[in-house]
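Hi there,

Here is the structure I promised to pass on. My notes on its charged pairs and one of its helices follow below.

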Amino acid sequence: MCDTCGCNVTPGNRERANAPLHEGGVTAVDALAGLLAENDHVAAHNRAHFDAHGVLAVNLMSAPGSGKTRLLEATLDALGGRFRIAVVEGDLETENDAERIRAHGAPAVQITTGTACHLDAHLVHDALHALDLDGVDIVFVENVGNLVCPASFDLGQHRNVVLLSVPEGDDKPAKYPVMFRAADLVLVTKCDLLAVLDEFSPERAEAALRRLANPAPVMRVSARDPESLAPWFEWLAAERAAVATR
Amino acid sequence: MHEFSVAAALVRQLARLAAERGACAVERVTLEVGPLSGIEPALLARAFPLAAAGTPAAAAALELRRVPVRVRCRECGAESAASPDDLSCRACGAWRTALASGDELLLRTVEYRLEEDSHV
């Protein structure tokens, strides 16, 4: 059974969960602590590590198959000479994505989570041990393809970039508010398919994002059209410059 | 999602607090969970006793307060009730709002019992 929905009852823990109460006085305390504090603590450590090396850390999130790896390949081809880029890849299984990144000339560390459907700060912390950040300008963390869980876990990144591909439909921001609220930039990908999938409206997708009170820029891109990627490259360059001057 | 791992993290926090305060048992825990927290309260309530078994929180009552989604408008200043997929101001319709509540995932209060043999 799975670890995440509370269904792993065993004979051992069922009995102990019904242990009898003892007598005594009761003290109350206001705790006001975040329940994800452990992850957040490691994430802060990761962020400090990035900052100490002047590295921009970008967390790439999307549904499976939206084009994260393809976007990174196109980015490496265009910017690989201008910025030193390293990638942390997250997948349940296979090293496919890390191999694709390495084929485009960048170092890549693959995290295979097995069953975990998102990366967390601990996993990223361990992966960073395999990267020498001294020679790096930008680290991309390509999260597990999933529009639900990754949004809840701070990894220590500076920016969240969420991809929404044309075949997925333009109402995804409304359906996945936690994810799209977390986006610092939304990339509508596979825009070369707009001619074929004319029911997708980039305006509707942007309106749905605004309804989440998120002012993040929305860029329409296609990895097959280098000109469409120019605003993405400019955004990256600006964010990298901002980190370097912090 | 990940209610069990959140429950496990909560239980670890409670165990630390119990150890710090010399408590023998946690009696009651109050959490605040908002719809935009990414956590489903009913699943967290189911996961908690399982995560707490064998710990000082094993018999703790869990109270989950659901926090409503409320926004404060950056244009007109009004505070209004909103929904997870629509955070626009209900007074003037502007989309530039700030979340006043709704994404909380907080341990609010803990009630615990001190060691039985402590003398006042």
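Arg204(A) is partly exposed, with a relative accessible area of 48% (buried means under 20% relative accessible area, exposed over 50%, partly exposed in between, with a 1.4 Å probe and protein chains only). Its side chain meets that of Asp170(A) in a salt bridge, 3.0 Å from N to O; the term stands for a side-chain nitrogen of Lys or Arg within 4 Å of a carboxyl oxygen of Asp or Glu. Asp170(A) sits in the loop between strand E6 (159-165) and helix H6 (172-175) of chain A, and Arg204(A) in helix H8 (residues 202-210) of chain A, so the bridge ties together parts 34 residues apart in sequence. Asp170(A), at 11% relative accessible area, is buried. Helices (H or I, at least four residues) and strands (E, at least two) are DSSP runs, numbered from the N terminus.

Before you go further: this is a predicted model, in which local features need pLDDT of at least 70 and side-chain atom pairs count only at pLDDT 80 or more, while totals for chains, interfaces and linings use all residues. Residues are numbered from 1 along each chain as its sequence is written, chains are lettered from A and ligands numbered from 1 in the order in which they are written, and side-chain values use heavy atoms, with hydrogens and water left out.

Helix H8 of chain A also holds Glu203(A), which pairs with Arg220(A) in strand E8 (residues 218-220) of chain A, so this link joins parts 17 residues apart in sequence.

Another of them joins Arg240(A) and Asp137(A), whose closest N and O atoms are 2.8 Å apart. That pair links distant parts of the chain, 103 residues apart: Arg240(A) is in helix H9 (residues 230-244) of chain A and Asp137(A) in the loop between H5 and E5 of chain A. Arg240(A) is buried at 12% relative accessible area, and Asp137(A) is buried at 7%. Arg70(A), Glu73(A) and Arg100(A) are linked in a salt-bridge network.

Now for H5 itself. In this helix (residues 121-128) of chain A, the residues Ala121(A), Val124(A), Ala127(A) and Leu128(A) are buried. They lie on the same side of H5(A), because they cover an arc of only 125° around the axis (taken from the directions from the helix axis to the C-beta atoms). At the start of H5(A), a side-chain oxygen of Asp120(A) comes to within 3.1 Å of the backbone nitrogen of His122(A).

Best wishes

Definitions and conventions:
Polar contact = N/O pair within 3.5 Å; in protein donor to acceptor, adjacent residues only side chain to side chain.
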